[in-house]
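Here are my notes on the model you sent over. I have kept them as numbered points so that you can check each one against the coordinates.

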Amino acid sequence: MFQGSWQVLKLEHPLLLCVFLVMQGDWVNRQDIIDLFWPTEEEHNAKLRLRQLLFRVRKLPWADLEAQHDLLRLNLSTDVTLFKQALASSDWQQALALYDADFLASLRRAPPAFQIWLEQMREDLYRLWHTAVLNHCWKLALSKEYKEGCIWLERLLNLDPLDEDALQLLLFHLSSLSKRTMGLKVYQQFKENLYKELGAEPGFISQALADLMSTNQAINQADLLKLYLHEDKHWPLPINLSKSHPPKRALDGSIIHTRFFGREADIAELSYSLQLPDRRLITLVGIGGVGKTRLAQEVSNYVADQFKDGILFAELASLPSAELLAERLVELLKLEPGPNRTAKEALIWFLDNKDLLLVLDNFEHILAAAGLLSELLSYLPRLRILVTSRESLGLREEWRYPLKGLAVPQIAETKDSYAAIELFLDRAQRVKLDFKPDALEKRAVVRICQLLSGLPLAIELVVTWLPLLVPEEIVAELKQNLDFLSSNDPALPERHKSMRAVLDTSWQLLNSEEQIALTQLGIFQADFHREAAMVISNLDLRLLLSLINKSLVQQHANGRFDLPVPIQQYARAKLTESEFDRLKLRFIDYYVCLAETSDEALRTPRQTEVLQRMAQEIDNFRHVFAYTLAKDADSSSRLAVSLSLFWGIRGHLYDLEGWRILSTLLAQTLQPSSDVLKAKLLRTAGARARMTKHFHLAEDYFLESLKLMRRLEPPEVIPLGRTLNELSIYFRLAEKPKEAEAYYLELLNLAEKTQNETLLKLVYGNFASYYVARYEQLRIPYNRARVTEFMAKGSAFERSQLGIAMDTRTLGLLQLHDLDFEAAQENLIASREAHHALGDTELVEFVNFYLGRLAYEQGEYQQAFGLMERGLEILRSGQKLHYLIYQLNCLARYYLEQSKRASAQNFLREAIDIQKELNFRLAYSRVFSLENLIVTGWYEANIDMVLMLIGAYRKECETLVILPEPWELLETIIAEAMATNSEAEERITKGRIADTSELIARALHSQN
């Protein structure tokens, strides 16, 4: 349709209707067609004419016309369709090849209404082509193909001698070709044409480029961009502005559904800036409500393919303090810092050599953390950071990008499209479906956007008045309160540039109930569930819905709510000190009680659902700690105790945070008011300590907790049982099976004596799992009948997801021992899936290790080692070092059996090194490492070291409760070593007397 000959067509010609339908690209209402073709015709006659015309269209062999009620659609591929598709895929050359002339170029005479529509379509398509030419020429500049770029840009100037965008880029191309004299001639001709036609002078950018050329200076890309960044009128830099981007999924799983309006120049400039080597930290600076966050999200969509390792979007508004920034990023990346690595170190380690964009949203309240950004940039040369903030970060690496409101027209009546108007109309129809402004109302809408300086949040707020006021009345209200508007007019006082006045006006339009509701919602600094709003802020659903409809409260796709930061701050400022203290107490009480009820629900089949809810509330829980630490020991202790199981299941994210909070609680002077709460707190501290490098402290915490529990009268049965269970787990991990079994038996006796269902469920499942795990990890035989009995008793109770995961894992291991491989695989996979649903990545990989064991037993060695090694990186960066040492020893043993000594030595050395760094002794792990060392030494023909290590091995075994089952390969080696060396007994005896650690160190050194 760009080419071809068209004659003057009659009004009812079917081709005209086909053209109109095809160009709409979607369903068209019949009434819209009537308004275009027969605007003055009576309704009956117009409908009759339309039916006749449709009949003729259906007779066209290529016209596949669809009808649906009052809607019509015609799907047909044309050169215009292909042109738009080429633009969407950034295929500039194809787009330029398709656009050979104006839309329906030869059709210069048509019915009046159709002619108006036709001219608008021609203008729109020309703009798309114009943008395509500019983008193509910028791409040519980036690839240094300046000659071809000059051809296209000269064509633009021939078509429109006043096209200043084309002039500016042409000057850049000519400068790059060292044709500065020609460039100055082009500029002078443009200047004369502009003054002759409009009596105006070229813009700042054009003048600056001409000045550079006149002084014989080269124009580089950075200089050109700097000019664009300082000019009010921005030419769109190379970016596919017509590209359709999928909605960006946020980290919490929500989707951005709303359209993005305007800011083409901002998107283009930021997209390009993020490619420049010296602009690795860019800060979007602007007042609240200007759209910094939304722009950052949109820019992230556009530049996603530039960062092969992805984009991390971190929302920081709910972060309580600057000290938690590294932890928040680690949490979002789902990293496990490890026992000897801080969150910052883990972050630097993970991001090393990664080509990644880090977007930090709402940074203004944690400016003290800006130093961390400097460190990240210095350590990570490929990292780029985009920040949104109300204030500059004050860093020398920072490039500030001031952000203004959306584009607004300068006159009341305009045919051009402006982002602020589009935003207003879109939001207006959301709150008032029948909103179709007439000419008078359209002028009022333009005036509203002018008064609001195009600020998106102000527009969102002002639109909420439409159910109450017509646009003209809104203008009147705004004129009466000019002290609240944001403006770039330097004659206006500062108070006229503040968002506070916008919120004041919205506040005045609320009724008393709504005002109280909004004020009380100021207690929330993070997103919240509607139940929390109803309980803490005394809101009912009607009030909450009213505040949502007025855009004062946002609702997310996951059903949660929040107040945008400016509104939250505004609402909080309305609270008196006494009101805030009262709400704070209710906030603390609500979330402490929520944590306590959730803690109990975590032990039921609803475990996965409850975990998700608790994860959503984590920032609110953190704020409770911020309010209560060192001020309210009972509340902070109750919350810590209630989060213990949650922290445990999601330990890879929260172990260190939990330990830090508990350490603070135990160190402060103010302690819990009751012994039972203090005992629970000590038990919780022990549970977290055993998952950190402070493992040795756990025993003291548990024993002190048990001591307090046993003194209670009457006894607290469930807390006592849980402390006994934690002690059993601790001693099992400490590889002290005698103590572990003793506490399990005490727990069993307590549960069966009291017939407490909670304790019975706890002991039966855990005791069966303990026996099998003890055999797997310590090689101590177990009573199969007793394990089966415990599992049968435990299955009679309703189990949580974690309980099911443990039970199916235990059953799978029993079946593995019985060589029932098919059943074992089925149950181990079920266990893995259950742990995956809970978000426990470490235990997922632990089960994968057993699946690897299963594959090994069946001779599938490649698959086996792949599964067994898959989770090592997760365990290395996590807290469960006991599992890591066990797996390393097993892998070393299996590789030795396969005669792959190099791999075996690497895993063995790592296992021994970790044990050396621990501040507690793992007796059985040490023995298994010695076994592997002996076999390795034998393969290396180091007979002297082997005999010494045999002595050390036997010395270590004497300290164990039960001698581990002998390894067949090890038995053979010991026998051969003693048979081939006459001094074997003497050397073995010497090894038993020598310091075992020294012998191990010598053995490792001899392998280097």
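1. Cys137 is buried, because its relative accessibility is 0% (buried means under 20% relative accessible area, exposed over 50%, and partly exposed in between, with a 1.4 Å probe and protein chains only). The closest cysteine sulfur to that of Cys137 belongs to Cys150 and sits 8.4 Å away, too far for a bond. Cys449 is buried too, with a relative accessible area of 0%. The structure holds 0 disulfides, a disulfide being a pair of cysteine sulfur atoms within 2.5 Å.

2. A word on the ground rules: this is a predicted model, where local features need pLDDT of at least 70 and side-chain atom pairs count only at pLDDT 80 or more, while totals for chains, interfaces and linings use all residues. Residues are numbered from 1 along each chain as its sequence is written, and side-chain values use heavy atoms, with hydrogens and water left out.

3. Now the overall picture. The protein chain has 49 helices and 10 strands; these are DSSP runs numbered from the N terminus, helices being H or I with at least four residues and strands E with at least two. Of the 1008 residues in the protein chain, 54% are buried. Among contacts with a separation of 6 or more, 69% come from residues 24 or more positions apart, where contact means heavy atoms within 4.5 Å. The chain exposes about 44,700 Å², with carbon and sulfur atoms supplying 50% of it (Shrake-Rupley method, 1.4 Å probe; for residues, only the protein chains shown count as cover).

4. How many salt bridges does a search of the whole structure find? There are 36, each a side-chain nitrogen of Lys or Arg within 4 Å of a carboxyl oxygen of Asp or Glu. One of them joins Arg328 to Asp619, with the closest N and O atoms 2.8 Å apart. Arg328 lies in helix 14 (residues 325–332) and Asp619 in helix 28 (residues 618–628), so this pair ties together parts that are 291 residues apart in sequence. Both Arg328 and Asp619 are buried. A network of salt bridges links Arg328, Glu331, Asp619, Arg622 and Glu657.

5. Helix 36 deserves a look as well. Arg774 meets Glu741 in a salt bridge (3.2 Å, N to O). Arg774 is in helix 36 (residues 757–778) and Glu741 in helix 35 (residues 737–754), so parts 33 residues apart in sequence are tied together. Glu776 forms a salt bridge with Arg853, the closest N and O atoms being 2.6 Å apart. Since Glu776 lies in helix 36 and Arg853 in helix 40 (residues 841–857), that pair ties together parts 77 residues apart in sequence. Glu776 is buried at 7% relative accessible area, and Arg853 is buried at 10%.

6. Leu541 belongs to helix 24 (residues 541–549) and is partly exposed at 48% relative accessibility.

7. Finally, 3 strands form an open antiparallel sheet in the order 1-3-2. Strand 1 (28–29) and strand 2 (65–68) are the edge strands, each pairing on one side only. Strand 1 is joined to strand 3 (residues 71–74) by 2 bridges, and Val28 has Leu72 as its bridge partner in strand 3. Strands pair here if DSSP finds at least two bridges between them.
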